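Try each task before reading its solution.

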Amino acid sequence: MLWVVPLALYLATFVIAFSRGSGRLSPVVTFIFPIALALLVISYFSGADWAWTLSGNLVGFFFAALVCHMALSRTRPNADRLTEFYFLGFACGVIGGGLAAFVAPVIFNDVYEYPLALAAAALFCRADRRRIGVWPTRPPPRL
């Protein structure tokens with residue numbers, strides 16, 4: 001029964017990212033995602049009780065999945081190519097799941113694929129830094 005909550009969160013992020021108006025959430029998610037990852041890292045390495053660790057993992061997982069699904073949503077093509085888009089997306093998910101189930105236990109001696117996958121989700125985080133106002137913007141370099 002432990003897999004039900006992460007699966008529900010994963011599917012909820014898929015619905016949120018592909019719903020209408022999800023582009024307005026991008027600045028908020030971009031701002032909250034590093035905080036959620038910091039919470040996840042703190043809960044992962046702290047010796048706190050299981051509730052703190054579980055909640056930190058679920059929050060970090062939710063925002064990592066939301067960032068990835070929003071990046072996938074931004075790259076979806078026109079309606080005439082959507083079947084191919086969704087087929088390739090889910091085929092890659094099957095391949096990734098197979099790699100995590102069969103290859104990762106052979107390569108890694110501990111559960112490293114989960115933290116690595118959450119860190120790799122940061123690569124999909126869209127940089128709307130001007131809209132958030134958190135990071136200073138630099139002018140592009142002149143050539």
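**Exercise 1: a greasy patch**

L99 sits in helix α4 (helices are DSSP runs of H or I with at least four residues, numbered from the N terminus). This is a predicted model, with local features needing pLDDT of at least 70, side-chain atom pairs counting only at pLDDT 80 or more, and totals for chains, interfaces and linings using all residues. Residues are numbered from 1 along each chain as its sequence is written, and side-chain values use heavy atoms, leaving out hydrogens and water.

Task: work out which accessibility class L99 falls in, and which residues make up the nonpolar surface patch.

- Step 1. L99 has 47% relative accessibility, so it counts as partly exposed (buried is under 20% relative accessible area, exposed is over 50%, partly exposed is in between, with a 1.4 Å probe and protein chains only).
- Step 2. The patch consists of I95, L99, F102, V103, V106 and I107, and covers about 650 Å². Patch members need over 30% relative accessible area and no salt bridge, and nonpolar side chains (Val, Leu, Ile, Met, Phe, Trp, Tyr) are joined within 5 Å. Areas come from Shrake-Rupley with a 1.4 Å probe, and for residues only the protein chains shown count as cover.

**Exercise 2: the largest pocket**

Task: find the volume of the largest pocket and say what lines it.

- Step 1. Its volume is about 1,100 Å³. On a 1 Å grid over the protein atoms alone, a pocket is an open set of points where a 1.4 Å probe fits, with protein on both sides within 12 Å along at least five of seven lines; lining residues have an atom within 4 Å of a point. Volume is the space filled by probe spheres set on the points, which are joined across faces, edges and corners.
- Step 2. The lining has 31 residues, with Y10, G93, G96, G97 and A117 nearest the centre.
- Step 3. Two or more lining residues come from each of α1 (4-17), α3 (50-74), α4 (82-107) and α5 (113-120). α4 gives the most, with 13.
- Step 4. By class, the lining splits into 24 nonpolar, 6 polar and 1 charged (nonpolar: Ala, Val, Leu, Ile, Met, Phe, Trp, Tyr, Cys and Pro; charged: Asp, Glu, Lys and Arg; polar: the others, Gly among them).

**Exercise 3: the salt bridge**

Task: how many salt bridges are there in the whole structure, and how exposed are the partners?

- Step 1. The search finds 1 (a Lys or Arg side-chain nitrogen within 4 Å of an Asp or Glu carboxyl oxygen).
- Step 2. E84 pairs with R81, their closest N and O atoms lying 2.7 Å apart.
- Step 3. E84 is partly exposed because its relative accessibility is 39%; R81, at 45%, is partly exposed too.

Notes. Patch = residues over 30% accessible without salt bridge, like charges linked within 9 Å, V, L, I, M, F, W, Y side chains within 5 Å.
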